[in-house]
Amino acid sequence: MLVGIPLESKHSHVVAPKDCADEMSAYLVLVGQSRCQRSFAEVFNYFAPRLRSYALKQMGNEALAMELVQDTMSNVWQKSHLFNAEKGAPSTWIFTIARNIRFDMLRKQRNRKEDICADDLWPVLCEQTADVNEVSLDEQITLQELGVLFEELPKKQREVIEAIYIEGKSQQEVAEQFNIPLGTVKSRTRLALQRLKEMLKDND
Amino acid sequence: MINFHPDLVHLRAFAQGTCPTNLALMVSAHVDMCPRCQALVMQAQEEIGSEVFSASSDVIDTPPDYNDMLQQIMQSPAFEVPEVKAISNILELDGKRFELPRALARYSEKTGNWSRLVGKLWQAPVDLGQEGQANFIYMEKGGKVPEHTHKGTEFTLVIDGQFSDGLADYDCGDFTIMDSTNKHMPFSEADEGCLVFTMVDKPLYFTSGLARLLNPFSQLFFK
């Protein structure tokens with residue numbers, strides 16, 4: 001706790017949160033048990049201004065900050081019977097309420113669309129089936145099968161594919177290695193992949 | 001036994017409510033399964049609450065008139081108690097039943113169809129709305145994901161069973177974050193296989209042998 005910072009004038013008996021926790025706990029319990037307005041006012045007067053400081057930092061906007069304060073303190077009032085003094089301090093409980101409300105407020109504000117879909121994320125591995133029982137595992141194309149098909153490619157196409165996909169060379173490097181035009185590398189790559197695709201289809 | 005946990009930074013951000021939503025979902029599911037991280041999150045909440053509401057925390061000048069707000073709050077009608085609907089937390093695949101952690105329970109019914117993948121792998125997508133998509137991945141015994149690295153970040157939580165990836169062995173509840181600095185090949189040798197919940201923000205990048213063929217032209221092969 002920092003020393004020497006001027007404390008809020010309203011609270012002549014201001015103390016560290018740990019020290020006032022018991023007091024606030026007791027008020028909250030009273031609110032929960034008997035809707036005691038005076039006790040709630042005590043809780044409110046302590047927490048609302050501090051909540052506002054937090055809310056201003058989080059929301060960066062006075063109107064939203066006050067909305068957060070109001071919603072949080074409404075929840076404290078309405079749900080005080082759920083506060084369990086044995087489980088934790090009022091500051092913890094009220095913070096978690098504020099955090100959750102803030103999160104929902106931000107979510108509502110945001111209208112950004114993130115168009116990530118499974119095909120983007122798991123591009124190769126996905127094969128949609130309507131019914132999981134319809135297709136047996138034996139019918140799957142495996143990497144081993146791909147390897148077998150690969151061996152059936154014409155030598156010139158295979159060399160290019162090997163250099164690009166297994167040795168990791170660029171198309172330009174492959175052109176230089178085999179002393180062929182870049183266009184030829186591109187067309188051989190395309191033809192090879194088309195061929196593989198057809199072989200995979202026939203294989204089905 | 002859980003050996004892999006979220007970073008303390010992530011746990012704290014989770015407690016603060018400031019970590020990205022998709023990560024928060026993963027952390028939340030891990031916390032459901034991990035007493036250690038439950039305790040750490042509770043401790044972090046206590047610390048943050050105490051900082052936010054410390055007696056000396058700066059109370060910004062020109063405070064608004066709180067009295068109206070106070071009166072309004074106390075006079076407003078009682079909240080309606082929302083009906084609590086019990087939701088099943090059982091995810092099914094091919095006769096197998098998996099119990100999901102609380103944070104993921106609501107996806108047990110929202111999960112798309114299971115799809116077959118390469119090898120002995122199964123995948124079911126989970127639509128997270130604005131947060132994009134996650135997947136349940138089930139590796140049968142002997143199932144293998146070709147070696148890959150990551151263009152973005154890959155979060156994985158083990159829901160059931162065990163798997164290994166050449167870097168370590170992972171057990172139920174383990175939580176990992178992989179990025180472009182990690183190259184791995186997940187596989188499961190567990191008799192019951194392994195169910196994981198996973199999210200990637202960019203495609204995987206296959207690194208070994210013929211699997212590299214799958215990278216740029218994948219759409220040609222697996223339509």
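Asn22(B) touches Glu131(B) and Met199(B), leaving out residues up to four places away in sequence; a contact here is heavy atoms within 4.5 Å. Keep in mind that this is a predicted model, where local features need pLDDT of at least 70, side-chain atom pairs count only at pLDDT 80 or more, and totals for chains, interfaces and linings use all residues. Residues are numbered from 1 along each chain as its sequence is written, chains are lettered from A and ligands numbered from 1 in the order in which they are written, and side-chain values use heavy atoms, with hydrogens and water left out.

**Chain B overall**

- Chain B has six helices and 12 strands, taken as DSSP runs (helices H or I, at least four residues; strands E, at least two) and numbered from the N terminus.
- Of its 223 residues, 52% are buried, with buried meaning under 20% relative accessible area, exposed over 50% and partly exposed in between (1.4 Å probe, protein chains only).
- Among contacts in chain B with a separation of 6 or more, 61% link residues 24 or more positions apart.

**Along helix α2 of chain B**

- Setting aside neighbours within four places in sequence, Leu23(B) is in contact with His10(B), Phe155(B), Phe175(B) and Ile177(B).
- Leu23(B) and Ile177(B) are 154 residues apart in sequence, yet 9.9 Å apart C-alpha to C-alpha.
- Ser28(B) belongs to this helix too, which covers residues 21-33, and Ser28(B) counts as buried because its relative accessibility is 12%.
- Beyond its neighbours within four places in sequence, Ser28(B) contacts Phe14(B), Arg102(B) and Ala103(B).

**α2(B) against α3(B)**

- The axes of α2(B) and helix α3 (residues 35-52) of chain B come within 6 Å and cross at roughly 115 degrees; axes are lines fitted to C-alpha atoms, for helices over the stretch in contact, with angles from 0 to 180 degrees between N-to-C directions.
- This crossing of α2(B) and α3(B) is left-handed, meaning the near helix is turned anticlockwise from the far one by less than a right angle, while clockwise would be right-handed.
- On the α2(B) side, His30(B), Val31(B), Asp32(B) and Met33(B) meet Pro35(B), Cys37(B), Gln38(B) and Val41(B) of α3(B).
- By class, that contact of α2(B) with α3(B) has five nonpolar, two polar and one charged residue (Ala, Val, Leu, Ile, Met, Phe, Trp, Tyr, Cys and Pro are nonpolar; Asp, Glu, Lys and Arg charged; the others, Gly among them, polar).

**α2(A) against α4(A)**

- In chain A, the axes of α2(A) and helix α4 (residues 90-109) come within 11 Å and cross at roughly 40 degrees.
- That makes α2(A) oblique to α4(A) (under 35 degrees is roughly parallel, over 145 roughly antiparallel, 65 to 115 roughly perpendicular, the rest oblique).
- The α2(A) and α4(A) crossing is right-handed, and its contact comprises 11 nonpolar, two polar and two charged residues.

**Nonpolar cores**

- The largest nonpolar core holds 80 residues, with Phe40(A), Met73(A), Phe136(B) and Phe197(B) touching the most other members; such a core is a set of buried Ala, Val, Leu, Ile, Met, Phe, Trp, Tyr and Cys residues joined through side-chain atoms within 4.5 Å.
- Helix α2 (residues 37-59) of chain A gives the most to this core, with 12 residues.
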